[in-house]
Amino acid sequence: MPRQRINYFRDTYVFPEDFPQRLIRFKEESRLPWAEIARCIGTYAHTVWRWKEGLGRPNAQHMMALLKLADDHGLGHLFTD
């Protein structure tokens, strides 16, 4: 008897191309300095700078922390469509 093939399909999340602009807008509207944003989400200020410049993306853990921080400041809509 041949083996049955099981396909596990995951929902894919398309990372927004305008994430750096959304991050900059969050910083402006929250009035938090970059270093404070980085501290609140558990990463380095340089890492957040890289995201702002479009040179990297947050991993799932940092993205969830950023969404929570945005929600705490009433700005969660900036990161959701």
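Modeller: A word on burial, then: a residue is buried when its relative accessible area is under 20%, exposed when it is over 50%, and partly exposed in between, using a 1.4 Å probe and protein chains only. Also, this is a predicted model, so local features need a pLDDT of at least 70 and side-chain atom pairs count only at pLDDT 80 or more, while totals for chains, interfaces and linings use all residues. Residues are numbered from 1 along each chain as its sequence is written, and side-chain values use heavy atoms, with hydrogens and water left out.

Colleague: What pLDDT does the protein average?

Modeller: The average is 88, and 84% of the residues score at least 70. pLDDT is the predictor's confidence in each residue, from 0 to 100. Where it is low, the predicted coordinates should not be read in detail.

Colleague: Where do Phe19 and Phe79 sit?

Modeller: Phe19 is in helix H1 and Phe79 is in the segment after H4, so the pair links distant parts of the chain, 60 residues apart. Phe19 and Phe79 are both buried.

Colleague: What about the rings of Phe26 and Phe79?

Modeller: Their centres are 5.8 Å apart and their planes at 55 degrees, so that pair is tilted too. Phe26 lies in helix H1, so pairing with Phe79 ties together parts that are 53 residues apart in sequence. Phe19, Phe26 and Phe79 form one aromatic cluster.

Colleague: Is Phe26 buried or exposed?

Modeller: Phe26 is buried, with a relative accessible area of 0%.

Colleague: Just a few names, please.

Modeller: Among the residues that Phe26 touches are Ile37, Leu66, Leu69 and Leu75. A contact here means heavy atoms within 4.5 Å. The C-alpha atoms of Phe26 and Leu75 are separated by 7.0 Å, although they are 49 residues apart along the chain.

Colleague: And which residues does Phe79 touch?

Modeller: Not counting residues up to four places away in sequence, Phe79 touches Phe19, Arg22, Leu23, Phe26, Met63, Leu66, Leu67 and Ala70.

Colleague: Which residues touch the most other members of the largest nonpolar core?

Modeller: Phe19, Leu23, Phe26, Leu66 and Phe79, out of 17 residues. H1, H2, helix H3 (45-52) and H4 each supply at least two residues, and H4 gives the most, with four. A nonpolar core is a set of buried Ala, Val, Leu, Ile, Met, Phe, Trp, Tyr and Cys residues joined through side-chain atoms within 4.5 Å.

Colleague: Now the arginines. Is Arg22 buried or exposed?

Modeller: Arg22 counts as buried because its relative accessibility is 13%. Arg22 is in helix H1 (residues 19-30), and leaving aside neighbours within four places in sequence, its contacts are Pro16, Leu78, Phe79, Thr80 and Asp81.

Colleague: Where is Arg31?

Modeller: In the loop between H1 and H2. Arg31 counts as exposed, at 74% relative accessibility, and has a positive phi of about 60 degrees although it is not a glycine. Most residues other than glycine have a negative phi.

Colleague: And Arg50, where is that found?

Modeller: In helix H3. Arg50 is partly exposed, at 34% relative accessible area. Leu55 and Gly56 are what Arg50 touches, not counting residues up to four places away in sequence.

Colleague: Last one: what share of the residues is buried?

Modeller: Buried residues make up 31% of the 81 in the protein.

Key: Rings of Phe, Tyr and Trp (its six-membered ring) pair if their centres lie within 6.5 Å; planes under 30 degrees apart count as stacked, over 60 as edge-to-face and the rest as tilted.
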